[in-house]
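Subject: Structure handover

Hello,

Here is the structure you asked about, followed by notes on what turned up in it. Please keep it open while you read.

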Amino acid sequence: MDDTDNGNSEFIPHHRDKQLARPDQVLPDTLQLIPLASRPYFPVLVQPIVVDQDPWGESIRLVTESAHKLIAMSFAPSAGKGVPQPEDICIIGCVARIHRLHESKGKLQFIAQGVRRFRIREWLKRVPPYVVRVEYFDSPPIEDESQLRAYAMSIINIIKELMTLNPLYNEELKQYLNYFDPNEPSPLADFAAAITSADAVELQDILETIPLLERMEKVLLMIGKELEVARLQAKITEQMQEQVSEQQKEFFLRQQLKVIQQELGISKDDRESDVEKFSERLEHLDTPDHVAKRVDDELQKLQVLDPSSAEYGVTRNYLDWVTSVPWGVFSEDQLDLAHARKVLDRDHDGLDDVKQRMIEFLAIGAYRGEIAGSILLLVGPPGVGKTSLGKSVASALGRKFYQFSLGGMRDEAEIKGHRRTYIGAMPGKMIQALKEVEVCNPVIMLDEIDKVGASYQGDPASALLEVLDPEQNSEFLDHYLDLRVDLSKVLFICTANQLDTIPAALLDRMEVIRLAGYLTEEKLLIAKHHLWKRQLKRAGVPASKLKITVGALRKVIDGYAREAGVRALEKQLGRIVRKTVVSLLEDDNQKISVGIANLEEYLGAPMFTKQHPHRGVGVVTGLAWTAMGGTTLTIEASRIHDGSRGFKQTGQLGDVMRESAQIAYSFVASHLKELKGIESFFDDAFVHLHVPEGATPKDGPSAGITMASALLSLAKGKKVRREMAMTGELTLTGRVLPVGGIREKVIGARRASLKELILPADNQRDFDEMPDYLKKGLRVSFVSHFNEVADLCFRS
């Protein structure tokens, strides 16, 4: 709130020949008062004072407009923590005259000329700015002049010695000694106390000590301590200067030696400097024998090469990389499961089964004492937290984290490095990662492993076989280093959106953990705890100025961001924040609350509306898996005409899905009597089977029973008895075979508010392994033959 400039305090002595004369003896008894935060003020000082314009500006201006220009200043220990209350302010202070008032950036600065001690008799105004009635202390009588003179001489002697030890107060002390002598002991005692670095409470005690002899005793003890501190400081300074002098001496000698060596032709060149640098690096590493031998050979070759030759540059770059690999350097793992749970729960809402799987993985490492030889593959739709989950695992283990993307990589040299004979050759990503993290056991995340390409330059996926095989990566060979590097202590975490494009040999080396996606309630928690706060932080908007209701968040999730992940949700929240920032710039004092009623003002009309699955004759809802997560798929069958028998499929179906449609048509047509349909229905009917959203390619066998159910509904002339969804592959004999993506499909069904599902019997194990919150409220029938499907769909 206010402060005093303690350095180089200016003292203007009370001398009749000077411009600032001794203040008048008649002083007002009513004064404006300001508290001081740093230390008390003494009557003999003239120093700059800085105070906040609010709330002390009014007091300062009233004083400057008065004739006497006097203001009361008292020490308040709590003044730096806000405006102090009257009971927090010391009752004894110093009255001072204000000179040279200056205002700048909410602060007031003035020169305060100390005048006399005072005591507060009465508080006339107890709220800032304070007004008090005071009484002044008369000059204390001199009781024992000889004793006071002795104290004064002792204080002066100490001050003189301080001048030699601490030049900071040199000019002020000289000026004071020129104008005051031991015959004026009271100002001498005050000035001696003021120049010390004593505690503010001790200085206040000096200010409150009125008897002169007692005050000088306290001041002598205080300034004696200051002298001891100054002596110790001078000793430390002297030692430091001696060390600096030694360093300067060594520097000059080295420069002279360098000149002499140059004259004699024995000075070190860049080659010797490089050799020294690489040798020093190796001293701090635990290099294997084969590495040390290779480095020694290369160092010997470097010493005989001409620095201007191309081979020298190649060898130097090679040694630079080899000595930058952290051979034998490992970070210590934090194998604390409680800490790991805390980190995972802090960074992620939902994904309870995935987090439990990660805890189990860490538990094995904790029980064994180390985590090594592990390659995890996180598979799931975009935006479900695969990359952030890898970062959380690294944080839980206390390991360094390195991430790079494999998407679009077409050159195996990106993984295994280039031969160093090529121009611009460098090691692969694995060696680069070790160099950057400076340990041999980091967590390395390989993003988008399902999007690795291939070209004439090689197949990176095949190069990854050596990296991601626990049996081989302890002897990983980088082409550039041409040395065996141990990657067995590295924890590899890969991410992918789908498994179909990952080579089987590579997939076999990884432990797959699936992240199916989030339900609405999980997205709601993520938005509240992470996404909304992140958007506010990025925009610099205080949470008090912009709020969003839970209902609005739920409407954003249902109406604008129905995908499995949360990226689209975060984008929509970012749109809301951007639009509100425009309003805040127009009126910064307003507070905005986004609710259900005004949500469309920010995001427009919802992109998704609440739709119930379409029901009708020949219309059945299926479940499908996509790279974006599970979803529902409507199958429509219609009889076009009775002129001739035929079957047509549309909807941009893939080859496998077309075959599934043919199988469904053949099975239903050949078993109509058994399925209680019109036996001759397909004899002269031309049937059209369509899968809506024709612009979207579709493929896979899992819609077999759905297509057959749609055809049977058409043949029976009856619609499915109630809203349900199904998935399963159908054979010509009517068997229902298992399909993949059950978890994603169940989540898609829940997102579409479907409560009754039909799944293959062989997929019951997949369903049972799902967490309870996904299975809650669902009626699931497991079937092994299509007759069971028909019974569930059309029984009365």
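Start at Glu756, which sits in strand E24, residues 756-760. Please bear in mind throughout that this is a predicted model. Glu756 is buried, because its relative accessible area is 5%, under the 20% cut-off. Beyond its neighbours within four places in sequence, Glu756 is in contact with Arg721, Arg722, Glu723, Met724, Ala725 and Arg779.

Confidence next. The mean pLDDT of the chain is 83. Of its residues, 91% reach 70 or more. Take care with residues 1-24, where pLDDT stays under 50. For that stretch the model has 62 contacts beyond four places in sequence.

Now the overall build. The chain has 26 helices and 25 strands. Its radius of gyration is 43 Å, whereas the globule rule gives 28 Å for 796 residues, so the chain is more spread out than a compact globule. Along the principal axes, the C-alpha atoms fill a box of roughly 135 × 85 × 45 Å. Buried residues account for 48% of the 796. Take the contacts between residues at least 6 apart in sequence: 75% of them join residues at least 24 apart.

On to the cores. The largest nonpolar core has 65 residues. Leu33, Phe42 and Met73 have the most contacts inside it. What does Met73 touch, not counting residues up to four places away in sequence? The list is Ile34, Leu36, Tyr41, Ile49, Gly93, Cys94, Ala96, Ala112 and Phe118. Another core, of 54 residues, lies apart from the largest one. Val275, Ile375, Phe492 and Leu499 are among its members.

Then the aromatic rings. The structure holds 9 aromatic pairs. One is Tyr665 with Phe682: the ring centres are 5.3 Å apart and the planes are at 80°, so this pair is edge-to-face. Tyr665 lies in helix H21 (residues 655-670), and Phe682 lies in the loop between H21 and strand E20 (686-690), so the pair ties together parts that are 17 residues apart in sequence. Are Tyr665 and Phe682 buried or exposed? Both are buried. Phe682 also pairs with Phe681: their centres are 5.0 Å apart and their planes are at 90°, so this pair too is edge-to-face. Phe681 and Phe682 are both buried. Ring pairs link Phe647, Tyr665, Phe681 and Phe682 into a cluster.

Arg639 lies over the face of Phe681, at 4.6 Å from the ring centre. Elsewhere, the charged end of Lys435 sits over the ring of Trp321, 4.2 Å from its centre.

Next, look at Leu603, in helix H20 (residues 599-603). Leu603 is buried, since its relative accessible area is 6%, under the 20% cut-off. Leaving out residues up to four places away in sequence, Leu603 touches Val556, Tyr560, Gln572, Arg575 and Ile576. Leu603 and Arg575 are 28 residues apart along the chain, and their C-alpha atoms are separated by 7.2 Å.

Val556 and Tyr560 belong to helix H18, residues 550-560. Both are buried there, along with Ala552, Leu553, Ile557 and Gly559. Which elements cover the buried residues of H18? They include helix H17 (520-539), strand E15 (546-548), helix H19 (567-586), strand E16 (592-594) and H20.

Helix H4 (residues 185-194) is mostly covered, with 10 of its 10 residues buried. Among them are Pro185, Asp190 and Phe191.

Last, Ala200. Its place is in helix H5, residues 200-208. Ala200 is buried, because its relative accessible area is 12%, under the 20% cut-off. Not counting residues up to four places away in sequence, Ala200 touches Ser38, Arg39, Pro40 and Phe75. Compare Met358: Ala200 and Met358 are 158 residues apart in sequence and 57 Å apart in space, C-alpha to C-alpha.

Best wishes

Terms used
Residues are numbered from 1 along each chain as its sequence is written. This is a predicted model: local features need pLDDT of at least 70, side-chain atom pairs count only at pLDDT 80 or more; totals for chains, interfaces and linings use all residues. Side-chain values use heavy atoms; hydrogens and water are left out. pLDDT is the predictor's confidence in each residue, from 0 to 100. Contact means heavy atoms within 4.5 Å. Helices (H or I, at least four residues) and strands (E, at least two) are DSSP runs, numbered from the N terminus. Buried means under 20% relative accessible area, exposed over 50%, partly exposed in between (1.4 Å probe, protein chains only). A nonpolar core is a set of buried Ala, Val, Leu, Ile, Met, Phe, Trp, Tyr and Cys residues joined through side-chain atoms within 4.5 Å. Rings of Phe, Tyr and Trp (its six-membered ring) pair if their centres lie within 6.5 Å; planes under 30 degrees apart count as stacked, over 60 as edge-to-face and the rest as tilted. A charge sits over a ring if NZ of Lys or CZ of Arg is within 6 Å of the ring centre and within 35 degrees of the ring normal. The radius of gyration is taken over C-alpha atoms; the globule rule is 2.2 Å times the number of residues to the power 0.38.
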